[in-house]
Amino acid sequence: MTSSPQPPSTPTEHPGHADHAHVGHGHDHGHDQSPSQSQPQGHSHGHSHGHGPAAPVSKHLRKVIAAVLIPFAVAVFVGMVVLWPGGAPAHERSGVGFDRQTQQGTVVALEQVDCKSVNASQVPTTGSVSTPEGREARAQQTGDCKKATVEVATGPDKGRTFVEIVQPGAPRQLENGQEVVVAYAPDAPRDLQYSVVDVNRKLPLAVLAGIFAVAVVVVGRMRGMFALIALVVSFGVLTLFILPAILQGSNPLVVAVVGASAIMLIALYMCHGLSARTSVAVLGTLVSLLLIGLLGSVFVDWAFLSGNTDDNTGLIHGLYPDIDMSGLLLAGVIIGSLGVLDDVTVTQTSAVWELHQADSSMGSRALYRAAIRIGRDHIASVVNTLVLAYAGAALPLLLLFSIANSSMGSVANSELVAEEIVRTLVGSIGLVASVPVTTALAALVVSADRPGSPAGAAASVPARGGRGRRRKR
C-alpha cells in the first residue's frame, strides 16, 4: 500500500507541541511515509480525523482570540453569579393547570357502565347531533362509559382509592393496571379531592432516552459521550439558572443572554475541544446571538407582541404578574436559536480549516469563497428545517385557521401566529448571518499565519524542500 505524502519537516517544529499536535500529519500514527511533493497536503490528514480539531494558528493569534474570549467568559460567569436565583420562589399552589398538587396512581379495577346511570343529572341541552355539544350530550345518555377505580400510590394518602368515570368520547381512555397521574385538591369535598389528570409516560420516555443515548455513543464514540454530557449541563443551566432567575423577577432577556452564552461556551468547548477552531465558532455564534437579540427586541416591540397568548402564559402572568412576558418571548427566541447556530458555526469553521489543510496556499479570500459555497447549501437546509419545526409545533393552530377558512393575512396577523413568524424569521436571519460572519472570521484566522511562525510552518506547505518526514520512533 502506498502511504500518503507528507509535507517537509522544518527545524522549528516540535512534535509534542500542543499547537500542532492535531494539524493532520498522518506520520504521528506510526505509518511510514514516502517523500513526495507531487500532491497537495490535503492527502496527509486522513489519519487525524478522530483526534480532535486542528489548530494551525500562531501563538500571537491565540493571544488575540483569548483577549476577546476570556473577558467574555468572565463576564458570563459574573453575570451568572449576580443573577443566580438560589432556587425557584415558593408560592401557594393555585390548583389551576400545572400549578396543582399531583401524585402517582394505578387503575386497579375497570368496568363498563351505562353512561345514563352515572350521568342521570346531565340532561342533553339539545336533541340535535349536528353540533359537538349535542353529540357529546347524546353519547353521555346512550353510550357505555368506563368506571375506573384508582388507587393513590404516593403521598400521605397512599392506598386510598377513588372512582373516575371515563366518557366514551374522552381523548384519554384508561386501562386496567395503567399507571396514572392524579391531582389532589385539599379544599374540595373528600369524594372529589382526587381526579385523574394524565397517564404516566415515564417508562416509554426513559426507554426512548436510553436508545438515543446509546445511538449517540455508538456512532459518536467519545465525541458522542461529551455531547451527552454537554446536553445534561445545558439542561442544568436551563433548570437551575434560567427558569428560577426569571421567576425571581430578573429581566428575561438578560437572563437568556447570560444563560445561552454559558451553554454555548460549555457545549462547544466540551464537544469540540479547547482550540482556535472552536474559539472561532464561539465568536461567530456570539455575533449571531447578538444580532438575533437586537432584531428580536425591535420586532417584538414593533409588532406589539405581548407574549401572553395561551393558557400557559396566562397562568404564568397570573401567578407572577411582574414577569415581562414579551421579554420571556424574546428569551425563548434566543435560546431556541442557539442549538441550530452551534451546528452552523462549527460546520463552517471546520470547512475553512479542512480547505486550508487541503491547500494551504489559499489566501483568506479564496478560503472564504470556497467555504461560503458550502455555507449556502447549509443555509438552505437549516432555514427550511427551522421553519418546518415551528410549523409542525403550530400545526393544530394552523388547522383551526384552515377550518375557519381564514385568509393568509388574517392568520398571519393573529398574535399566536405572529409570534411564531417573528420567532422563525428572526432566528433564520441570525442563522443566515452566522454563515458569512463565521466563515470570514475563520478564513482570516487560519490564513493569518505564515511559514515563519512555528505553528504556521507546521500547517503550511513550504515552497521549497523535498524530503518527507520519517516515522517517529
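Student: In this predicted model, which residue is the bridge partner of K147 in β3?

Tutor: I165 is the bridge partner of K147 in β3.

Student: What makes β2 and β3 a strand pair?

Tutor: Pairing needs at least two bridges. Six bridges join β2 (residues 144–152) to β3 (residues 161–166). Therefore β2 and β3 pair. The two strands run antiparallel.

Student: How do you know that β1 and β2 pair?

Tutor: The cut-off is again at least two bridges. Nine bridges join β1 (residues 101–114) to β2, so these strands pair as well. They too run antiparallel. Within β2, T149 stands opposite A109.

Student: Why is T278 called buried?

Tutor: Buried means under 20% relative accessible area. T278 has 3% relative accessibility, so T278 counts as buried. T278 lies in helix α6 (residues 276–302).

Student: What makes the T278 and S275 pair a polar contact?

Tutor: The limit is 3.5 Å between N or O atoms, with one able to donate a hydrogen and the other to accept it. The side chains of T278 and S275 are 3.2 Å apart in their contact. That distance is within the limit, so the pair counts.

Student: Why is V82 called exposed?

Tutor: Exposed means over 50% relative accessible area. V82 has 63% relative accessibility, so V82 counts as exposed. V82 sits in helix α1 (residues 59–83).

Student: Which residues form the nonpolar surface patch with V82?

Tutor: I70, V74, F77, V78 and V81 form the patch with V82. Together they have about 590 Å² of accessible area. Patch residues need over 30% relative accessible area.

Methods
Residues are numbered from 1 along each chain as its sequence is written. This is a predicted model: local features need pLDDT of at least 70, side-chain atom pairs count only at pLDDT 80 or more; totals for chains, interfaces and linings use all residues. Side-chain values use heavy atoms; hydrogens and water are left out. Patches are made of residues with over 30% relative accessible area and no salt bridge: like charges are joined within 9 Å, nonpolar side chains (Val, Leu, Ile, Met, Phe, Trp, Tyr) within 5 Å. Accessible areas come from the Shrake-Rupley method with a 1.4 Å probe; for residues, only the protein chains shown count as cover. A salt bridge is a side-chain nitrogen of Lys or Arg within 4 Å of a carboxyl oxygen of Asp or Glu. Helices (H or I, at least four residues) and strands (E, at least two) are DSSP runs, numbered from the N terminus. Buried means under 20% relative accessible area, exposed over 50%, partly exposed in between (1.4 Å probe, protein chains only).
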